Amino acid sequence: MLFNSFTFAVFFAIVYILYLCFQRKFRWQNCMLLIASYVFYGFWDWRFLSLIAISTALDYICGLKIFESDNERRRKIFLIISIVGNFSILGFFKYFNFFIDNLDLLFGSVGIHVSLPVLKILLPPGISFYTFQTICYTFDIYRKKMKPTRNVIDFALYVSFFPQLVAGPIERAIRLLPQIAKPRTLNKDMICQGVFFIYWGLFLKMFVADNLGLIVDDIYGVGGGDEVFAGTLMSGVASGDAVTAVATYNGAFILLATYAFAFQIFGDFAGYSYIAIGLARLMGISLMDNFKRPYLSRDISEFWRRWHISLSTWFRDYIYIPLGGNQLSGFRTGLNLMVVFVLCGLWHGASWNFVLFGLYHGLLIWKFHTLRKLWERMPFILQIFLTFHLVCFGWFIFRVHSLSQLWDMTYCLFFNFHVIPGLGLKTMLLKIIGFAGVLVVVQILEWKKNDTLAVLKWSWPVQIFFYVLIFILTAMFGQFEERAFVYFQF
């Protein structure tokens, strides 16, 4: 059930009417929201409900056992049970075939041929998101930062709350559970903010992301594998010449497609987060802001403080700091960064390009810390420009389908870069500017005010013009075909 679908619109209308009907009975609201969340998740495949139910039961019990025990060894045992149980489910569904494929290649490289089982495993939507959300609950109880809830309905709703269930933000129990466990009140500001976030999020998805996605898919391809995409990608090699896989890519198109993907993935993922925040706010629940103008960051470290904030802070608090953070030697700090970002890369998917994506960002941040004084001498505009392009190269690694495609396209990006009239580069550039332009302007205005809700501070005539503008753009050029959100696969 996609946020940008008619089915979801009907679903949420029914849920919201019932929610308002139970306004004076928040326990009934919670029961209704839990049923609605399970219906929402079961809509993908009802069998996935068993997984979320197992994670819920496991961490509910482990949380209570950790809190009730004064024995440190016993507390640690239940924490380990929670971690191993959750990561075993996540690891099987997300990484089993990746592990088997690479083990098979490893054995084959030394002349050992074995027949390892390959299973057709469906990846449950959002499993990485709700797994991390349940683990932080037991971690925070173990650290004595919070007490567990004894109300199983409240906890089950915390795990499965449908607005942020399948693509975040990854909420902390210490922040979300207290909102679930008490009566919620609605006011004019929350409703206005909720409507704005939903409206803006749908625009980012349907107008910005889905239109740019068509451009990106043209260059990178839609499916996996090592396909070579000719046509508009041809670099002008004469008919009859030998055209290798490398020669068929045009670096100029790859560069523009990478810019397009940078804004596509932001529009898609931030769009989902904004819709989730808006839906929750209409119900009196405040979710964390997951994006704060990341492409206006002055350095790569700041980028990760502004991009997918719920994930980056999760890795900081539950992996990086327990490993020692930056309190150790320079080498150990760098090693901690590499471990965190390799795991972050793997979190995104079971593929070597995601591992490289993590390694790349880990190295960037490590080197930034060693060159910080030199970097800070640059004009801030140059800092933003360089940071954006470093991020874009990371998205290039992220978007390819295979290491061979990464090699071919990297080669052409640097050695087969041709700006040839008539190939459509100008049209492609104008489309990118047209589809990303409003987003960029709004981001700059938010950045100047340092306020995600800067639009709501504008005068009414300006706000009305803004809303009418994005409505017209979406109605005329938006993609109304139901295209899944990018992060559903993670």
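What is the mean pLDDT of the protein, and what share of its residues reach 70 or more? The mean pLDDT (the predictor's confidence in each residue, from 0 to 100) is 87, and 90% of residues get to 70 or more. This is a predicted model, so local features need pLDDT of at least 70, side-chain atom pairs count only at pLDDT 80 or more, and totals for chains, interfaces and linings use all residues. Residues are numbered from 1 along each chain as its sequence is written, and side-chain values use heavy atoms, with hydrogens and water left out.

Where pLDDT is low, the predicted coordinates should not be read in detail.

Now to helix 17. Its 25 residues (425-449) reach 35 Å from first C-alpha to last, close to the 36 Å expected at 1.5 Å a residue. Its buried residues (under 20% relative accessible area, 1.4 Å probe, protein chains only) include Leu425, Phe435, Gln443 and Glu446. Helix 8 (188-220), helix 9 (251-282) and helix 18 (460-477) are among what covers them. Asn450, with a positive phi near 50°, follows helix 17.

Helix 9 also holds Phe269, which is buried at a relative accessible area of 1%. Phe269 touches residues including Phe129, Trp307 and Tyr487.

Definitions and conventions. Helix = DSSP H or I, 4+ residues; strand = E, 2+ residues; numbered from the N terminus. Expected span 1.5 Å × (residues − 1). Buried < 20%, exposed > 50% of the residue type's maximum accessible area, 1.4 Å probe, protein only. Contact = heavy atoms within 4.5 Å. Lists of a residue's contacts leave out its neighbours within four places in sequence.
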